[in-house]
Amino acid sequence: MAFASSISPSYSLPNLSSKPKKILTTLNKIHPLSILQRPSIFRIGCSSPLQGRDSLNFNLSASVTTADFLLDESVGEAQLPKGDTWSIHKFGGTCVGTSERIQNVANIVVKDESERKLVVVSAMSKVTDMMYDLINKAQARDDSYVVALDAVLEKHKSTAIDLLEGDDLTIFLARLNQDISNLKAMLRAISIAGHATESFSDFVVGHGELWSAELLSAVIRKSGLGCACMDTREVLVVNPTSSNQVDPDYLESGIRLEKWYSNNSSDIIVATGFIATTPQNIPTTLKRDGSDFSAAIMGALFRARQVTIWTDVDGVYSADPRKVSEAVILKKLSYQEAWEMSYFGANVLHPRTIIPVMKYDIPIVIRNIFNLSAPGTKICRPDGSENEDGQRLDSPVKGFATIDNLALVNVEGTGMAGVPGTASAIFAAVKDVGANVIMISQASSEHSVCFAVPEKEVKAVAAALEVRFRQALDAGRLSQIAVIPNCSILAAVGQKMASTPGVSATLFNALAKANINIRAIAQGCSEYNVTVVLKREDCIKALRAVHSRFYLSRTTIAMGIIGPGLIGRTLLDQLSEQAAALKEKFNIDLRVMGITGSSTMVLSHMGIDLSIWRDLQKEQGEKADMQKFVQHVHGNHFIPNTVIVDCTADSFVASHYYDWLRRGIHVITPNKKANSGPLEQYLKLRTLQRQSYTHYFYEATVGAGLPIISTLQGLLETGDKIMRIEGIFSGTLSYIFNNFVGERTFSDVVKEAKDAGYTEPDPRDDLSGSDVARKVIILARECGLKLELSDIPVKSLVPDQLKDSISAEEFMQQLPQYDQDWSNQRQEAEAAGEVLRYVGVVDVVNGKGTVELRRYKKDHPFAQLCGSDNIIAFSTQRYEKQPLIVRGPGAGAEVTAGGIFSDVLRLASYLGAPS
């Protein structure tokens, strides 16, 4: 059977200009009947000489000669088989971006063991942009479109030369050159008209997909396999909508597919993505992510076993890996989860891509063409039994997605309540300006409606609402139409959220602990997602906080260490030793972002290598600046939680605690100055702590590493009533009096303690009792007593003559003069069967505290100490007859640093780390 002249169906292209009857373009398209023959060699003819824009008329027509096709009439039409024998593959522009990558795609298709395969391809990388650029240049009457078109030709020509040879190469190049020649004439017409309709643009742009499909099908045929090339404009029929989208006509597409396959049956088909046709045979596209949509539609039409989307990532991540470095690949997602995540900006699929395959339960698999060993992410209907991600079996949240550059519009007023049609009027006004509403939230009182729109559209939206509701605003029925700019949306997505109590509470708790304020909240009754609106500047910080809280990544804390002295450097060494174990066993990532002393500080954006922090401080140290230090540690939005650890005894540093807590920075310290300073400042600090989600831990202020503060707080929180706290709170003075026995002199024991590092550089700081007094004040205030430090009578062990006028060295030289007095006191105590102990007492019943030297019987627990041990006895209603006693080492850098470290881990637990 021979064919000649034009063959239906035909594609009709609308006028190039908006002016009617000035330019008429008609494209007659040939239906391909062979895997070797692609539709349409176009012939362009002008009906009259060109005499300016208004007189231009031209026709695009197609013809075939009897040599083009010979079809044996005796061969019956092939029936289209449907079902699991078909697998669908989609390769994007990156996957076919070079000749090597096209060959790689061909290898993947050939090795696929499926009985039948349909492959959907995009244009080569950047080609679609190049085609749109051609149209833009032509419309602007920029003659450089000719050079740009030559670049398109050269790109495909060089690729074909790399991949093909012989007749295959000759045929492809002939078609390519003919297409380029036709496109040049079309672009010339556009340039003359100064305008191109959307349909004409879609026709021009679609050539990129045609060329890549032809190249790939030819390469597959080189391997010896049969392969048909499908121009999907002959099969996919779509109806354009008013929202810049298209709706597939599955019935008509199925009819055309049956017809196409009857003439082009093959077990391997390479089809063009992105392009389609309208019911009137006008070329169009599937808009954004159209190639993915093409593959999904084909999967539905073929009732395929699986649709595989090949891309350049290993699968779908639990969060954007550019924002959350610990994001994990999800092995499975339900259709609904993938839909929600893609809607909220996750790099998964366009939401419409999922619709065609859902109806037939066809799974979609996201694979990385550059990492074939990665299994990818499977999107399918969940069976509800498997541990899908290797994560926590009961984890209700699959992942998180964000949308940036939004603005909130808030319409509020008492006149809205109970008035039908208000919401309709609001969103009708929004629709009229063509704005896209991303999220809506309304209080049940109907007093206000707020919604999120892209920031670039908010001015038009606000203006439209002002006009629409001008009368209501003037009359006071509406109080305001407010715009809140610089917002982002954070969405938590998971199908199990619907059946898991407390997901929203956990989400909001994580955000609160990261000191992040929520502007608006939305949740559908399906509970597949919970959406919150935040400040744009908080978005990454919030994303990391919630991601960590749901056990999908480590609990990461940015740390700033102030005071790398004896205790500070010991803490840094402990952190260095435990860092790896904390990450592996407890999912805790402690990153020291800065270390500062009084003169030098060292900062890092990723975290200081603690194994060489001393060297870094010497080599990279800069002048200490407290404001810059804190801003650096807290200013990293990639880490949601910040803690400052103050290892000094400095009042100036302690004066910053209130401001740090107010800014959402947690504080951990052994520094007693804040809790024992002026009562007004203390109460202000504790009030702020209780009213916020920011933590202030100070266990090491009393008893070094002993659990004194936590024990007291536990007693109070469980309703016990404290009667009295009595104890030996100074490890230094405990050591001195534990060793002041026999014939030893007091001065010798003090010198021994100083040489052993138990005392301060000036031992008078310990012997004065002021340190014990501060500990007594701290405990008294924990019990609710409102005492100042000056309210505590203190028995100083420093002779009056040696208090202030001499240096520490002179003090040690003159101290032996008082040894006899001390020996007398010891002998008196021993004669009575007692020992000397320096103690602090909190008398809660009488509302007072004291620090004094007391005598205890040798069988008393306070007399049984050794070394630098502390001992504290809690007398309470529950522990009235026998006090609750806490005993252990109360001095030394190791135990003090250990107490601080324990507070750091307690903070991590509070912030979501598994316990």
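Residues are classed here as buried at under 20% relative accessible area, exposed at over 50%, and partly exposed in between (1.4 Å probe, protein chains only). The structure is a predicted model, in which local features need pLDDT of at least 70 and side-chain atom pairs count only at pLDDT 80 or more, while totals for chains, interfaces and linings use all residues. Residues are numbered from 1 along each chain as its sequence is written, and side-chain values use heavy atoms, with hydrogens and water left out.

Helices (H or I, at least four residues) and strands (E, at least two) are DSSP runs numbered from the N terminus; the protein has 30 helices and 34 strands. Of its 915 residues, 54% are buried. The accessible surface of the protein (Shrake-Rupley method, 1.4 Å probe; for residues, only the protein chains shown count as cover) comes to about 39,100 Å², and carbon and sulfur atoms account for 49% of this area. Contact is defined as heavy atoms within 4.5 Å. Among contacts between residues at least 6 apart in sequence, 72% join residues at least 24 apart.

Strand S13 (residues 306–311) has five of its six residues buried, so it is largely enclosed by the rest of the structure. Two strands are taken to pair if DSSP finds at least two bridges between them. S13 pairs with strand S5 (residues 86–91) in the parallel sense over five bridges, with isoleucine 88 opposite valine 307 of S13. Strand S15 (residues 364–368) also runs parallel to S13 and is joined to it by five bridges. In this second pairing, valine 307 stands opposite isoleucine 364 of S15.

Helix H11 (residues 422–432) has Thr422, Ala425, Ile426, Ala429 and Val430 among its residues in the buried class. Seen down the axis of H11, the buried residues fall within an arc of 135°, so they line one face of the helix; the arc is that of the directions from the helix axis to the C-beta atoms. An α-helix has 3.6 residues a turn, so residues three or four places apart point the same way. Ser424, Lys431 and Asp432 are exposed on the other side of H11. The packing partners of the buried residues of H11 are strand S17 (399–412), strand S19 (448–454) and helix H12 (458–468). Glycine 434, with a positive phi near 75°, follows H11.

An open sheet is formed by five strands in the order S32-S31-S30-S33-S34, with antiparallel pairing. Strand S32 (848–857) and S34 are the edge strands, each pairing on one side only. Neighbouring strands of the sheet are turned by 20° against each other on average, direction ignored. Strand S31 (residues 834–843) pairs with S32 in the antiparallel sense over 10 bridges, and valine 835 stands opposite tyrosine 856 in S32. Helix H29 (residues 819–831) packs on the sheet and touches S31 and S32, its direction making about 90° with that of S31. Axes are lines fitted to C-alpha atoms, for helices over the stretch in contact, and angles run from 0 to 180 degrees between N-to-C directions.

Helix H23 lies across S30, S33 and S34 and runs at about 10° to S33. The buried residues of H23 (residues 708–717) are Ile708, Ile709, Leu712, Gln713 and Leu715. Seen down the axis of H23, these residues fall within an arc of 160°, so they line one face of the helix. They pack against strand S30 (722–728), helix H27 (770–782), strand S33 (869–876) and strand S34 (884–889). H23 is followed by glycine 719, which has a positive phi near 90°.

Several side chains take part in polar contacts, defined as pairs of N or O atoms within 3.5 Å; within protein, one atom must be able to donate a hydrogen and the other to accept it, and residues adjacent in sequence count only if both atoms are side-chain atoms. Serine 747, in helix H25, counts as buried at 7% relative accessibility. The side chain of serine 747 makes a polar contact of 2.7 Å with that of aspartate 819. Not counting residues up to four places away in sequence, serine 747 touches Leu815, Pro816 and Asp819. Aspartate 762 lies in the loop between helix H25 (746–755) and helix H26 (764–767), and its side chain is joined to that of arginine 764 by a polar contact of 2.8 Å.
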